[in-house]
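Q: I would like to go through this model with you, one topic at a time. Please keep the answers plain.

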Amino acid sequence: MQLRHQNRLIYFQEQSECTRKYVIPYLEQILPILPNLRILEIGCGEGGNLQPFLEIGCLCVGVDIDVAQIEKAKQYLSDYSHDENLTLVARDIYEVSPDEIGTFDIIMLRDVIEHIPNQERFMHYLKSFMHSESIVFLGFPVWCNPFGGHQQICRNKWLAHIPWLHLLPNVLYKKVLLWGKEMPSTIRGLLEIKATGISLHRFEKILCTEQYYVLTHTHYLINPNYEIKFGLCPRIVPKWLRIPYLQDFYTTAMYYVLRKD
């Protein structure tokens, strides 16, 4: 397990820096990020991705099902906690309605979609928070990439560094995690991630079914997150390596910007 998984302030700072350096410039290909834009982040965690938008003067709403993470967000974003620019909601997104929080210019989903059960239902529900010009940003690891199962959260240093470990059949995967003396909560969490992991093919099929239009998208061989975490420069998958299905095994991250079709 890496330090960032234990010290959530480090994770908050990494999120903030990556969003400031990579996500906002990526969005500005489509829409200038100006004060008073309305931003919704679903699965906001401790709020690191919202901080750069708040610095610009955007009106931000963060929703997360984890009450403890929302409390951390209030602490880390305390400079904005009494500001009308920031609203933090500790509830399941399906319990939050647009009548309550409105619609948004930008909806953020960074490292979230791969944790959500029934992504088809979710992407359909997401449209209720969009107006005709809204855009959605999604950044997520492709399931079959070397660490797409988030096994880096393991306390056992060997298991945390074995690529593609998560692709083992469920029964064998669980036995290996038990052999590594992982905590029951960690094993449960890793098996949940295995159940919700999403491939490029299935994600794009969902976009087609739910009639989303892809404004831009990028396949990353080296995830932009890795520069902040490991000092590795982001690299895009060359076009000649974008082989259907096979590319899932080496595409470490996808960035998408969507609009309702």
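Q: Is Trp164 buried, partly exposed or exposed?
A: Trp164 counts as partly exposed, because its relative accessibility is 37%. Here buried means under 20% relative accessible area, exposed means over 50%, and partly exposed lies in between (1.4 Å probe, protein chains only). This is a predicted model, in which local features need pLDDT of at least 70 and side-chain atom pairs count only at pLDDT 80 or more, while totals for chains, interfaces and linings use all residues. Residues are numbered from 1 along each chain as its sequence is written, and side-chain values use heavy atoms, with hydrogens and water left out.

Q: Where is Trp164 placed, and what is its phi?
A: Trp164 is in the loop between E5 and helix H6 (170-179). Its phi is near 60°, a positive value in a residue other than glycine. Helices (H or I, at least four residues) and strands (E, at least two) are DSSP runs, numbered from the N terminus.

Q: Which residues form the nonpolar patch on the surface?
A: Trp164, Leu167, Ile243, Leu246 and Phe249 form it, with about 410 Å² of accessible area together. Patch members have over 30% relative accessible area and no salt bridge; like charges are joined within 9 Å, and nonpolar side chains (Val, Leu, Ile, Met, Phe, Trp, Tyr) within 5 Å. The areas come from the Shrake-Rupley method with a 1.4 Å probe, and for residues only the protein chains shown count as cover.

Q: And where does Leu246 lie?
A: Leu246 lies in the loop between strand E7 (235-236) and E8. Leu246 counts as partly exposed because its relative accessibility is 44%.

Q: Changing topic: how many cavities of 30 Å³ or more are there?
A: The count comes to 2 cavities of 30 Å³ or more. A cavity is a set of points, on a 1 Å grid over the protein atoms alone, where a 1.4 Å probe fits but cannot get out; lining residues have an atom within 4 Å of a point. Grid points are joined across faces, edges and corners, and a volume is the space filled by probe spheres set on the points.

Q: What volume does the largest cavity have, and which residues line it?
A: Its volume is about 70 Å³. The lining is made up of Tyr11, Glu14, Gln15, Cys18, Arg110, Asp111, Asn225, Ile228 and Lys229. Helix H1 (8-27) and helix H9 (225-230) each supply at least two of the lining residues, and H1 gives the largest share, 4 residues.

Q: How does that lining divide by class?
A: The lining of the largest cavity has 3 nonpolar, 2 polar and 4 charged residues. Ala, Val, Leu, Ile, Met, Phe, Trp, Tyr, Cys and Pro count as nonpolar, Asp, Glu, Lys and Arg as charged, and the others, Gly among them, as polar.

Q: What about the second largest cavity: which residues line it?
A: The lining residues are Arg110, Asp111, Gly139, Phe140, Asn223, Asn225, Ala253, Met254 and Tyr255. Strand E5 (130-140) and strand E8 (253-260) are the elements that give two or more residues to this lining. E8 has the largest share, 3 residues. The volume of the second largest cavity is about 30 Å³, and its lining comprises 4 nonpolar, 3 polar and 2 charged residues.

Q: Which residue forms a salt bridge with Lys127, and are the two buried or exposed?
A: Lys127 pairs with Glu210, the closest N and O atoms being 3.5 Å apart. This pair links distant parts of the chain, 83 residues apart: Lys127 is in the loop between H5 and E5, and Glu210 in the loop between helix H8 (200-209) and strand E6 (212-222). Both Lys127 and Glu210 are buried.

Technical notes. On a 1 Å grid over the protein atoms alone, a cavity is a set of points where a 1.4 Å probe fits but cannot get out, and a pocket is an open set with protein on both sides within 12 Å along at least five of seven lines; lining residues have an atom within 4 Å of a point. A salt bridge is a side-chain nitrogen of Lys or Arg within 4 Å of a carboxyl oxygen of Asp or Glu.
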